[in-house]
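Below is what I looked up, in the order I went through it.

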Amino acid sequence: MQQAEIRDFLVRFFSSSDCELLPISNPAQLKVKLTKQMDKLLMNRPFYWHYIEQIGQTPETATLTFRFTDQLDEGEFVHFGSPRLHQIFNTAEQLGRYIRLYQVLAPQSSPALEPWLGINMKISYQCDLKKDRLISMGLQLINGTLIEGFQTMLTRLDLNQKLPNYCYTLSPLITVKSGIQRIERFIESELESEPSEWADQASERWVKDQDLLDTFYEHQDEKPDRYFQEQKALKEQYQPKISLQLINVGLFYLQSSTFLPGLVKDH
Amino acid sequence: MKPLIQFDRTWHEEFFKRIDDDGPWAKSELFSLAYLAEKERVVPTFHGLIAPKRLPLLKLHPHQVETARMVIEDMHGKAILADEVGLGKTIEAGLIIKEYMIRGLVKKVLILVPASLVLQWVSELNSKFYIPAVAQRKAYVWSQYDVVVSSIDTAKREPHRDIVMEQNYDLIIIDEAHKLKNHKTKNYQFVQSLKKRFCLLLTATPIQNRLNEIFYLVSLLKPGYLGDAESFSKNYKSGIRSVKNEQKLKALVNQVMVRNRREDTGLHWPKRIIKSFDIPFSQTEQAFYDSLSTLRENGVVQPFSLLTLQREACSSREAAFATLNKLYKSTATPVNERLWHPIFEKLNAIDHNSKAEKALELIKHINDKVIIFTEYRASQLYLQWFLKKNGISSVPFNGGFRRNKKDWMRMLFQNRVQVLVATEAGGEGINLQFASHLINYDLPWNPMRIEQRIGRIHRLGQENDVHIYNFATRETVESHILNLLYNKIHLFEQVIGELDKILNHIDLQDVDQQIAHIFEESESDGEIKIKLDNLSSVINFEQENRAEDDHHAASGNS
């Protein structure tokens, strides 16, 4: 992530959480006055807040100054590895986990909006090594249309928190619960058809180390606890697994012609 | 093998609840930002290192990055890091922890280091790597914090022991791991019984040539890798120190050990330029020094006390005065008063300090940052006063200072004053590589302390050649030490870390006592000379042996 992208991220983050951006003299800086909610989330000073709220005083929320270059002195230097940025990433994930949105349509369009379930997940392939990828799935809750890359498509749409006045939503035939199951089954079958050399190699390493462990305790009929402890540790170290973590999820009400045929997968 | 597929479903309930309650719902922008945050943090491949890109302010050397990569990819996170001293093992370890943490493979880390290094580790991990490491202070720290630094002695003691054993560590790091060579010790058994997935053992001692050490260290990492104790000695041992199937063993060991050498790193190592000064006493100083032996000749003080006095007299009259006064008070009688009187008179007659003047001349000539090391607090104070009188400001540095004060003095020295006058280099040392001139104002009798002094400035990050100036007063105990011992064993040219191994190996850790004995028990200068010669030969012999061993080991690596 380049410094300019980080700056852009922070501006979007603080503006959308109602923090005030203060004027700055240098474009390589950013100054924000936090809201009460953001102060509590970012500044880690529960005792201050407890005290202020006990005595009923007006709180003075913190002002943060960031700088995006190490050439300047004033402000906290933010780069892709800085703990502050990751704290803000985590906060964004915490605040942006569950959503419901409606598509805003041109006046002449049909007023019916179809329900979609959208899920963004991180897939991690893990043994003693690890890599991940993201998956973004959308499921239409009436006819079961399933599409990948849902999030990217959402960014092209005009969406709103409120149902537009002249629109109405169609009732789903698939429940959210079974929708989630459909999506899981789809991902699972996709994962199972992927090449798994990485897992085979990991299990070779596992077997190799397990064999060594066995030779080490070969002459002991009664294996000591340590043997079983090591055995368990080897399993934790090498056993190949794919874990899926939720990033965020939501209900989206969209116009039926939203998705072009080429992007839609039958299921 | 089919990988296990695990879906996180802990969010279902919350999601259903929000649907039922009609909210609260996130803002559209935050939903997008959450996805973006995760997208930026995705690690798309198993291979390569992510960490260096996230540490833009840390200057990493290529061998450090390559070491971290090898440990993670080729050694599967279980390795012995055995770089030569000064190549940055701590940095390599930090980089490995960081990489694992970024990838989410490691969360809980235990770092066991010598007590004197705990705070240094904590501060390096936090400031250089943004790893929230904490020093173990209270029992609850073990379970409450993810990255804990502690001494092994604390960790293995109750009530800590039980708590530590219960933790499931993802990664354990042990600094100075060569101390775990004996599998019968409590420390070894303690480390062996910890629950861990990944493990790094750090040592500066090349272990290739000590068979049992290799076996037990490697068995901590990977039990069975070198067979069990019985098959190991059958396959590789012939006698206590000799090896059979050497090539095979080395090839095996090299797969779990990384050892970078200075000459392989391609780094520019600053030269060390050593200059010794043989400084004559002034007449008054000489008279005082000579008069001290009358105390022993008349049986007033023991040989050991005389030696102490003589060494102090070589440093400054202020240093000698404290001891002299104490001796006087405890031993003076009306009868020997006539002995003491002239000594104090001679001490009072000293009007200038030859060494201090030499130091002043040198400092003016150097015209750059200078560190002066002395053995004595009194000399330290005197030097500060003397330099100040001559228009040169200095700051003091003592081993007993608290960490804050040490850092503060270091800052002042770096930014404000020309001279730092220090009494101690060891312990929780500070790194002073921004200075490149060091005066050994007087010489400690423990050569390890000399090495520690030099190690403060001759290290990674030093960009200039390092100048070492040794002061010894002519025709005194001090000049004997310098000329008959230190220069002969090439102490000032030694690679940092080598001497410790040599002295350890010939069981000569208390060199200072050996030297004291030589001076105390010898009847003449000739005898002193012969005995110091013997001592230096023993050290030199071992040094040559090791050089040869190391050479063999190196060729075995290729």
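Predicted model: local features only at pLDDT ≥ 70, side-chain atom pairs only at ≥ 80, totals over all residues.

I began with P24(B), which sits in the loop between α1 (12–21) and α2 (28–41) of chain B. For helices I take DSSP runs of H or I with at least four residues, for strands runs of E with at least two, numbered from the N terminus. The peptide bond from G23(B) to P24(B) is cis, and its omega is near -5°.

Residues are numbered from 1 along each chain as its sequence is written, while chains are lettered from A and ligands numbered from 1 in the order in which they are written.

D22(B) is not a glycine, yet its phi is positive, about 60°. Is D22(B) buried or exposed? It is exposed, with 8 other C-beta atoms within 10 Å. (Buried takes 20 or more other C-beta atoms within 10 Å of a residue's own, exposed 12 or fewer, partly exposed is in between, and C-beta atoms are placed from the backbone.)

H76(B) also has a positive phi without being a glycine, this one about 55°. I located H76(B) in the loop between α3 (62–74) and β2 of chain B. H76(B) counts as buried, with 22 C-beta neighbours inside 10 Å.

I then checked P159(B), in the loop between α7 (152–155) and α8 (160–166) of chain B. The bond leading from E158(B) to P159(B) is cis, with omega near 5°. I jotted these spots down because most residues other than glycine have a negative phi, and most peptide bonds are trans.

**The sheet in chain B**

Which order do the strands take? I read β4-β5-β3-β6-β7-β2-β8 in chain B, an open sheet of seven strands with parallel pairing. (Strands pair if DSSP finds at least two bridges between them.) β4 (133–135) and β8 (257–258) are at the edges with a single partner strand each, so one side of each has no neighbour in the sheet.

At the β8(B) end, β2 (residues 78–81) of chain B pairs with β8(B) in the parallel sense over two bridges. There L81(B) faces V258(B).

Helix α4 (residues 89–102) of chain B lies across β2, β3 (109–112), β6 (168–174) and β7 (195–202), at about 155° to β7(B). (That angle is between N-to-C directions, on a scale from 0 to 180 degrees, with axes fitted to C-alpha atoms, for helices over the stretch in contact.)

**Where the chains meet**

I count 71 residues of chain A in contact with 57 residues of chain B. (Contact means C-beta atoms, placed from the backbone, within 7 Å.) Strand β11 (residues 241–254) of chain A pairs with β1 (residues 4–7) of chain B, parallel, over four bridges. In that pairing, S243(A) has Q6(B) as its bridge partner.

**Chain A overall**

I logged eight helices and 11 strands for chain A. Its C-alpha atoms fill a box of roughly 75 × 55 × 40 Å along the principal axes. Of the 267 residues in chain A, 31% are buried.

Terms used
Contact = placed C-beta atoms within 7 Å.
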